[in-house]
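Open the model in your viewer and keep the selection panel handy.

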Amino acid sequence: MHIIHVVGARPNFMKAAPVLAALGRFPQVKQTLVHTGQHYDANMSEIFFQQLEMPAPDLNLEVGSGSHAQQTAEIMSRLEPVLLERQPDLLLVYGDVNSTMASAVVCSKLLVRVGHVEAGLRSRDRTMPEEINRLITDQLSDLLFTPSPDGDENLAREGIAREKIHLVGNVMIDTLVRLLPRSAGHKPPGLPERYALVTLHRPSNVDDPEWLGALLRALAGVSDELKVVFPVHPRTRQRIAALGPGALPEGLSLLEPQPYLSFLALQEDATVVITDSGGIQEETSFLGVPCLTLRENTERPITVTQGTNVMIGRDLALMQKEVRRVLRGEKKKASPIPLWDGHAAERIAGIVAACGS
Ligand code: UD1
C-alpha cells in the first residue's frame, strides 16, 4: 500500500509527524512525504522537521507565497504530475491550510482516495480562508479522522456518510505528549517567572492597520502588569512594519517565530496565552494554561466547554479583565478531553492499514 502525505505549512508538521511514525510500523505500507513549500523560511519549516524527527520530504514543490488563488493553483498544478507518476493508493492531508484543500481537489479528480486528518472542525465563519479549506476538503475525503465529537456531528449535518467518519482524537496532542519531556531546557533565557505569551497571524487581526494598531496598544497595556512575550509570524511582522515607524508601542518586544520545543516550553510556563491560532487553543487546554482567544468564533468549541479557552472576540477591555482575573489566580476549571491522549495517530494508522488489506 502506497500512501502520500502532503504537508505545507507550520501546523501540518506537528500533525503529520506522529502519523508517519505510526504508519512506519506497518511493513506493508510505503510512505512518501511531499512538502508543498507553502512555508519555506527555515524557522517556519526546516527546524520543525529536525525537532519533530521527521524524515526529510521526498519532494518539495516549492510553491512559496502568493494570493490564495495563485498559491492554490500552483500546488494543484505541481502536485498533479507527482500523483500521476507515483500512483498512490491514498493521500493523507492535514488540517485546514491551502496545501490541504488544493491537494484534496487534485486527488479527487484523479480518483485517488483522500484521508483528512483533523476533519469536521467548523467555525461557521466563511470569511476565514481556513473554513473554506475545511468544507471542501471534507466533502472530497473518503476517510475523515475527527479530533472530537463535534466534528462528527458537523460532518453528519453536511451529509457525509457515517461510515467514512472515524473519531480518533487529536494528533497535535500526540506530538505534544511525546516532546513535552524534552522541551524543558528550550525556553529562551532571561524571562521573568510570570509572563503572557502572545501570537497573532489571522488576516482578521493583522490585515486591518487600524485594528492591528489597537491590538498592539492593548497588548502594551497588558505589558504594564505582565511581561509580554511575542514571537511574530512573518505575515504579522510585515503588517507591523507597514504601520510605519513608532507603531510598535514601548513595552512590546518582538521575537522570531520559535522552534517547536521552545514554543512548547514557553506555553507550558506561561501565566496566560493570548492568541488567534487554532492549535494553541488545543495545546493550552491540554496543558491547563489559561488561553484568551482573539477571535469571534472557534472551530474548536471543545476547548471552551472543556478546556481553558476563553473567547475574547474584539473586546479588548475583556482581554484586560481576563488577564487580571488570571493574575488574581482565578483560573477557569478544565477537564481532560477524551482521546487527546497521545495515541490518535496509532488509531489512524490502524484504520488506514486495515483499508489496504
Ligand atoms: C497559514 C494557514 C493558516 C495557519 C498558518 C500557520 C492558509 C490559508 N493559512 O497562514 O491556517 O494557521 O499558516 O502559520 O493556508 N511567509 C514567510 N515565510 C514563510 C511562510 C510565509 O515570509 O515561510 C509570509 C509570506 O509573505 C506570506 C505570508 O507569510 O505571504 C502568509 O503565508 P501563508 O502561508 O500564505 O499563510 P499564513 O498566514 O502563514
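Select H10 first: this helix gives three residues, the largest share, to the shell around the ligand (a residue belongs if one of its heavy atoms lies within 4 Å; helices are DSSP runs of H or I, at least four residues, numbered from the N terminus). This is a predicted model, where local features need pLDDT of at least 70 and side-chain atom pairs pLDDT 80 or more, while totals for chains, interfaces and linings use all residues. Residues are numbered from 1 along each chain as its sequence is written, and side-chain values use heavy atoms, without hydrogens and water.

Now show the whole shell of 22 residues; His-39, Asp-41, Asn-98, Glu-130 and Gln-238 come nearest. Which classes make up this shell? Six of its residues are nonpolar, 10 polar and six charged (Ala, Val, Leu, Ile, Met, Phe, Trp, Tyr, Cys and Pro count as nonpolar, Asp, Glu, Lys and Arg as charged, the others, Gly among them, as polar).

- Gln-238: a polar side-chain atom lies 2.7 Å from a ligand oxygen.
- Asn-98: a backbone N or O atom is 2.8 Å from a ligand oxygen.
- His-233: a side-chain N or O atom lies 2.9 Å from a ligand oxygen.

With the ligand still in view, note that the protein covers 89% of the 740 Å² of accessible area that the ligand has on its own (Shrake-Rupley method, 1.4 Å probe).

Technical notes: Polar contact = N/O pair within 3.5 Å; in protein donor to acceptor, adjacent residues only side chain to side chain. Helix = DSSP H or I, 4+ residues; strand = E, 2+ residues; numbered from the N terminus.
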